[in-house]
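Have a look at the sequence and the model below. We'll go through a few features together, one question at a time.

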Amino acid sequence: MARIADRMNDIKPFHVMALLGRARELEAQGRSIIHMEIGEPDFVTAQPIVDAGIAALQAGQTHYTPTVGLPDLREAISDYYQSHYGVDVPARRIIITPGASGALQLAFNVLINPGEAVVMADPGYPCNRHFVRLNEGQSIAANVDASSNYQLNETILKKYWTDNSVAAMLASPSNPTGTLVGEAELKAMYDFVKKQNGTLVVDEIYHGLVYDTQAKTALAISDDIFVINSFSKYFGMTGWRLGWLVVPDEYVDAVDRLAQNIFLAAPTVAQHAALTAFEPVTIELLNQRRDEFAERRNYLLPALKEIGFDIPIVPDGAFYLYANCEKFSSDSYQFVTELLEQAGVAITPGVDFGSYNASKYVRFAYTTGMDNLKEGIARIKKFLES
Ligand SMILES: Cc1ncc(COP(=O)(O)O)c(C=O)c1O
């Protein structure tokens, strides 16, 4: 028998991957499937970024970059913090990583000793608790619901914080709920965590995909916060594997040493391509796509409510709607399976994001065009009526 480390028992798969596999199987049999389960933009990478990637390859940019990333890219991100948020974030504190995933891994590795705990929202992005587990740490799932915008706040954080807690993890906007953490709440949580000698980690990967308001970076509150971001979502570069981590000055050396050992450097071609991501012509294209996501949300949210899903708050961003399906089923996993098999619509069960109320919720991703969303709604309606 293969000898696999014990910690692997706690590393759970995404159920949605099994559903996606089944959806592909049905498609191979000739069935039409509407995909509302996929957590990445349906748009291909914007042309100026693709062109820059091709040009970089043709110019022979195929070697390692410095571990912390291309100096020009770190400067470009620093400039973006200034122009977009009005916040001064020096390039030396910005570390380029293979996706937000690489940034999360670095952050948890430098912050957690075995046995130490991180408080995070349930529902939330499931990989976070696995990163903590891989460091022999403990993740504390704080139950959140619509009453706190599906986010942690100071009161909830205080309730779950333990003597062995060393960090609080937030994502704003969140996956799977699309909700933001309010500015005042963020500041209050930062103050609380600091008082406990802990660290606040904020995942801003869905910044840029925020619709009726302008998201503020946590770095406006203090330099003393770990911030994660990525080229995957707003910048539409999931497959290029590129993100970044902003750390307080005193962590730069440790993160650099760690990254040297874990991945040496982020992909070179992706870094050269990303240099064009901040140019006005690219930003204009990306903002058009953002506006299209907003239109999709504005269609899908009322359409789902009208057929009976309970979505008590309008999510500010990302491309997800987290919907209560209790009216139709007390087992959201079974509901999702039946919806796929009988109606040809793929969505994600709540269990992929934690355990609190997971059997009552499903996640819809509006990462497909308006025609597909309309067809999806028609199919779901017919399924529910039958
Ligand atoms: C909240 C959140 N953080 C991080 C990631 C990882 O993104 P990537 O590694 O593609 O940048 C995702 C991906 O879906 C996510 O939803």
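Q: What should I know before I start?

A: This is a predicted model: local features need pLDDT of at least 70, side-chain atom pairs count only at pLDDT 80 or more, and totals for chains, interfaces and linings use all residues. Residues are numbered from 1 along each chain as its sequence is written, and side-chain values use heavy atoms, with hydrogens and water left out.

Q: Which residues of H2 are buried?

A: Buried means under 20% relative accessible area and exposed over 50%, with partly exposed in between (1.4 Å probe, protein chains only). In H2, the buried ones are Pro48, Ile49, Ala52, Gly53 and Ala56. Down the axis of H2, they fall within an arc of 140°, so they line one face of the helix; the arc is that of the directions from the helix axis to the C-beta atoms. Here's the general idea: an α-helix has 3.6 residues a turn, so residues three or four places apart point the same way.

Q: What do the buried residues of H2 pack against?

A: They pack against helix H9 (268-274) and helix H10 (280-306), where contact means heavy atoms within 4.5 Å.

Q: Which residues of H12 are buried, then?

A: In helix H12 (residues 370-385), they are Leu373, Gly376, Ile377, Arg379, Ile380 and Phe383. They fall within an arc of 170° seen down the axis of H12, so they too line one face of the helix. The face turned away from that buried side carries the exposed residues Asp371, Lys382 and Glu385.

Q: In which sense do strands E3 and E4 pair?

A: Two strands pair if DSSP finds at least two bridges between them. E3 (residues 117-122) and E4 (residues 138-143) pair in the parallel sense over 6 bridges, with Val119 opposite Ile140 in E4.

Q: How many residues are in the largest nonpolar core?

A: A nonpolar core is a set of buried Ala, Val, Leu, Ile, Met, Phe, Trp, Tyr and Cys residues joined through side-chain atoms within 4.5 Å. The largest one has 126 residues, and those with the most contacts inside it include Tyr81 and Phe364. H10 gives the most to this core, with 8 residues.

Definitions and conventions:
Helices (H or I, at least four residues) and strands (E, at least two) are DSSP runs, numbered from the N terminus. The expected span of a helix is 1.5 Å times one less than its number of residues.
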